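Please follow the chain through its helix packing and then to its ligand site, keeping the sequence beside the structure as you read.

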Amino acid sequence: MNSKTTISTLDRMKAEGRKIAVLTAYDAGFARLAEAAGVDVVLVGDSLGMVVQGQESTLPVTVEDMVYHTAMVKRGCSRPLIVADMPFMSHGTPRQALDNAGRLMKEGGAHMVKLEGGHAQVETVKHLTDRAVPVCAHLGLLPQSIHQLGGYKVQGRDSRSAERILSDAHELQDAGAQMLVLECVPELLAREISLALDIPVIGIGAGRGCDGQVLVLHDMLGITPGKVPSFSRNFMAEADSIEGAIRAYVEAVHDERFPAEEHCFR
Ligand code: KIV
């Protein structure tokens with residue numbers, strides 16, 4: 001597919017049951033490779049704090065960092081939809097969120113911003129979407145809340161937290177969110193949410209029932225130092241080039257060969 005990916009493309013893919021391949025990228029070179037390999041959506045994730053900057057978490061990432069990396073990604077690709085993360089403390093109030101989302105779109109060239117959080121973010125999501133800022137919500141494991149959560153743990157395993165994630169997902173969609181990332185939740189819950197929502201649901205460690213998948217570039221290339229999450233897969237292990245590895249990932253998502261059983265949580 002050579003035409004530009006828009007939110008309408010993604011809605012159509014969901015309606016037709018075609019899976020969406022999302023990958024993080026943080027600079028022009030990798031954005032170019034992602035585009036050449038057929039990635040549908042490039043996420044400029046605040047995971048760059050860990051995989052590019054060498055920080056211990058995503059918390060130190062600034063709006064300035066996100067604008068800088070988003071602008072590089074924008075220069076590297078023209079077909080994929082570009083989603084930029086709103087970093088920690090950049091969306092504490094609707095007004096602050098609008099100012100920072102505006103920078104990510106005007107200076108960085110993002111087509112959509114992503115922000116972590118449930119019920120507490122509903123007013124902010126409405127404020128942004130009422131003002132022409134497309135929003136991707138993010139539920140489940142929220143890396144920006146890591147100190148509150150007490151570690152990178154699967155979320156929504158008990159019925160109370162599962163119900164909260166499901167009701168937050170509905171609220172965020174009703175507030176105008178046009179996409180949702182679900183991170184590290186049981187496969188059954190993610191499937192239920194994907195079926196219940198009209199908007200595309202993109203999973204990471206959320207099993208096979210989502211409308212698409214996202215991985216962190218460095219994890220799927222096998223260059224993340226230390227422990228790699230169990231839901232990820234090293235696509236470089238069987239590829240002879242980086243573009244080949246990304247293409248194998250895209251094809252595995254489109255053909256529903258990734259994720260497999262071993263990448264899912266119960
Ligand atoms: O920052 C990021 O890369 C993300 C993905 C893990 C979804 O938010």
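The axes of helix H8 (residues 159-174) and helix H9 (residues 187-196) approach within 10 Å of each other and cross at roughly 25°, where axes are lines fitted to C-alpha atoms, for helices over the stretch in contact, and angles run from 0 to 180 degrees between N-to-C directions. That angle makes H8 roughly parallel to H9, since angles under 35 degrees count as roughly parallel, over 145 as roughly antiparallel, 65 to 115 as roughly perpendicular and the rest as oblique. Helices (H or I, at least four residues) are DSSP runs, numbered from the N terminus. On the H8 side, Ala162, Ile165, Leu166, Ala169 and His170 meet Leu189, Glu192, Ile193 and Ala196 of H9, contact meaning heavy atoms within 4.5 Å. By class, this contact of H8 with H9 has seven nonpolar, one polar and one charged residues; Ala, Val, Leu, Ile, Met, Phe, Trp, Tyr, Cys and Pro count as nonpolar, Asp, Glu, Lys and Arg as charged, and the others, Gly among them, as polar.

This is a predicted model, in which local features need pLDDT of at least 70 and side-chain atom pairs count only at pLDDT 80 or more, while totals for chains, interfaces and linings use all residues. Residues are numbered from 1 along each chain as its sequence is written, and side-chain values use heavy atoms, with hydrogens and water left out.

With helix H5 (residues 94-106), the axis of H4 (residues 63-76) comes within 9 Å and crosses at roughly 20°, so H4 and H5 are roughly parallel to each other. Val63, Glu64, Met66, Val67 and Thr70 of H4 meet Asn100, Arg103 and Leu104 of H5, a contact with four nonpolar, two polar and two charged residues. With helix H2 (residues 28-36), the axis of H4 comes within 7 Å and crosses at roughly 45°, and H2 and H4 are therefore oblique to each other. Here Ala28, Ala31, Arg32 and Glu35 of H2 make the contact with Met72, Val73 and Gly76 of H4.

Turning to the ligand, 13 residues surround it, the closest being Gly45, Asp46, Ser47, Asp85 and Lys114, where a residue counts if one of its heavy atoms lies within 4 Å. A polar side-chain atom of Asp46 lies 3.0 Å from a ligand oxygen atom, and a side-chain N or O atom of Ser47 is 2.5 Å from an oxygen atom of the ligand. For Lys114, a polar side-chain atom lies 2.8 Å from an oxygen atom of the ligand.

Methods:
Helices (H or I, at least four residues) and strands (E, at least two) are DSSP runs, numbered from the N terminus. A polar contact is a pair of N or O atoms within 3.5 Å; within protein, one must be able to donate a hydrogen and the other to accept it, and residues adjacent in sequence count only if both atoms are side-chain atoms.
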